[in-house]
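Please examine the sequence and the structure shown below.

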Amino acid sequence: MILLEARNVTKRFGPHIALKNLNLTVSQGEIVCLLGANGAGKSTMVNLFLGFLKPDEGTIVIAGRPVSDDLRAARARVAYIPDQVNLFPLLSGVENLTYFAELAGRRLTVGEATVLLVEAGLNGEDATKRMGDYSKGMRQKVGIAIALAKQADALLLDEPLSGLDPLAANDFGAHIRLLRDAGKAVLMVTHDVFRAREIADRIGIMKAGQLVETVDARAVESNALDRLYADHMRGELR
Ligand SMILES: Nc1ncnc2c1ncn2[C@@H]1O[C@H](COP(=O)(O)OP(=O)(O)OP(=O)(O)O)[C@@H](O)[C@H]1O
């Protein structure tokens with residue numbers, strides 16, 4: 001089942017065309033990574049799915065319904081994990097999660113919050129420590145747990161790997177794949193070609209507001225993807 005769909009979407013900011021007639025789908029149990037240079041339109045795509053922006057042309061569809069039909073219902077089905085998960089530094093992981101889950105309309109017991117944090121990859125012992133002492137990788141996991149608490153069907157991740165060391169990035173990717181296996185639809189924006197290939201099922205390469213290429217991550221070698229990406233960025237492919 002297709003969870004996230006952009007149908008012929010064009011988005012303009014004044015005279016600037018950020019997205020041009022773009023089509024994209026992410027299905028249940030699928031990870032799609034979007035690669036592209038700065039300004040290619042990747043975050044604009046995420047913000048359209050979050051309902052923060054409206055397309056000028058075309059339709060954003062979530063779980064078969066245009067977002068414009070019922071924005072609240074659409075938002076309930078998606079969760080967002082930003083580049084920096086900045087929560088309350090004096091509160092523990094468990095306390096932050098219970099607070100943000102409640103904002104999203106769900107009351108969690110300490111036990112339930114701990115289970116979600118462990119599911120997101122955090123060590124159970126760390127869950128009770130103050131978040132001010134967490135590494136970026138640990139904070140990102142609390143971000144995942146908040147998304148899990150929301151029981152959203154689709155996860156939107158905007159550069160969640162930036163600043164993570166290779167081990168933490170590997171670990172984060174592994175957990176995203178577990179969520180994919182549990183049926184979530186995942187759209188992840190990244191600049192990391194290597195990780196995109198490791199984590200994604202499909203990789204979309206964006207350039208100047210268009211999806212110029214979509215590749216099956218399993219079918220492409222790392223070097224070939226690097227080359228393909230560079231060739232698109234240099235304008236050697238159309
Ligand atoms: N609110 C806005 N007002 C005006 N222009 C905007 C706005 N948001 C984005 N843009 C422009 O739209 C284009 C696409 O921006 P977007 O942030 O989607 O790119 P991106 O691919 O996510 O880039 P990056 O890799 O730098 O995050 C850019 O040229 C940007 O300057």
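Strands β4 and β5 pair in the antiparallel sense over 2 bridges. Within this pair, Val61 has Pro66 in β5 as its bridge partner. The two strands form a hairpin with 2 residues between them, and Ala63 takes a positive phi near 50 degrees there. As with everything described here, these details belong to a predicted model. Its mean pLDDT is 93, and 99% of the protein's residues reach 70 or more. The model also scores ipTM 0.95 and pTM 0.93.

The pair just described is part of a wider arrangement. An open sheet of 4 strands has the order β2-β1-β4-β5, and the pairing is antiparallel. The edge strands are β2 and β5, each of which pairs on one side only. In general, the strands of a sheet pair through backbone hydrogen bonds, either parallel or antiparallel.

Next to β4 lies β1, and β1 and β4 are joined in the antiparallel sense by 5 bridges. Along this pair, Arg7 has Thr59 in β4 as its bridge partner, while Thr10 stands opposite Glu57 in β4. Strands β1 and β2 form a hairpin with 2 residues between them, and Gly14 in the turn has a positive phi of about 60 degrees.

A helix accompanies this sheet. Helix α1 lies across β1, β2 and β4, and runs at about 120 degrees to β1.

Which element gives the largest share of the shell around the ligand? That element is α1, with 3 residues. The ligand is surrounded by Phe13, His16, Ala18, Gly36, Asn38, Gly39, Ala40, Gly41, Lys42, Ser43 and Thr44. The elements that give two or more residues to this shell are β2 (16-27) and α1 (42-49). By class, the shell divides into 3 nonpolar, 7 polar and 1 charged residues.

The structure holds a further sheet. In this one, 6 strands form an open sheet in the order β6-β7-β8-β3-β9-β10, and the pairing is mixed. Strands β6 and β10 stand at the edges with a single partner strand each, so one side of each is left without a neighbour in the sheet. From one strand to the next, the twist averages 20 degrees.

Strand β3, residues 30-36, runs parallel to β9, and 5 bridges join the two. In this pair Gly36 stands opposite Met206 in β9; Gly36 is also one of the residues that surround the ligand. By contrast, β9 (residues 202-207) and β10 (residues 210-216) run antiparallel and are joined by 6 bridges. There the bridge partner of Gly204 is Thr214 in β10. Strands β9 and β10 form a hairpin with 2 residues between the strands, in which Ala208 takes a positive phi near 45 degrees.

Helix α5 lies across β6 and β7, running at about 170 degrees to β6. Helix α6, residues 166-181, packs on the sheet and touches β3, β7 and β8; its direction makes about 135 degrees with that of β3.

Helix α5 also packs against another helix. Two packed helices are described by the angle between their axes and the distance between the axes. For α3 (residues 93-103) and α5 (residues 136-149), the angle is about 35 degrees and the axes are 9 Å apart. The crossing of α3 and α5 is right-handed. From α3, the residues Gly93, Asn96, Leu97, Phe100 and Ala101 meet Val142, Ala145, Ile146 and Ala149 in α5. By class, this contact has 7 nonpolar, 2 polar and no charged residues.

Conventions:
Residues are numbered from 1 along each chain as its sequence is written. This is a predicted model: local features need pLDDT of at least 70, side-chain atom pairs count only at pLDDT 80 or more; totals for chains, interfaces and linings use all residues. Axes are lines fitted to C-alpha atoms, for helices over the stretch in contact, and angles run from 0 to 180 degrees between N-to-C directions. A crossing is left-handed if the near helix is turned anticlockwise from the far one by less than a right angle, and right-handed if clockwise. Two residues are in contact if their C-beta atoms, placed from the backbone, lie within 7 Å. Ala, Val, Leu, Ile, Met, Phe, Trp, Tyr, Cys and Pro count as nonpolar, Asp, Glu, Lys and Arg as charged, and the others, Gly among them, as polar. A residue is near a molecule or strand if its C-beta atom, placed from the backbone, lies within 6 Å of it. pLDDT is the predictor's confidence in each residue, from 0 to 100. Two strands pair if DSSP finds at least two bridges between them.
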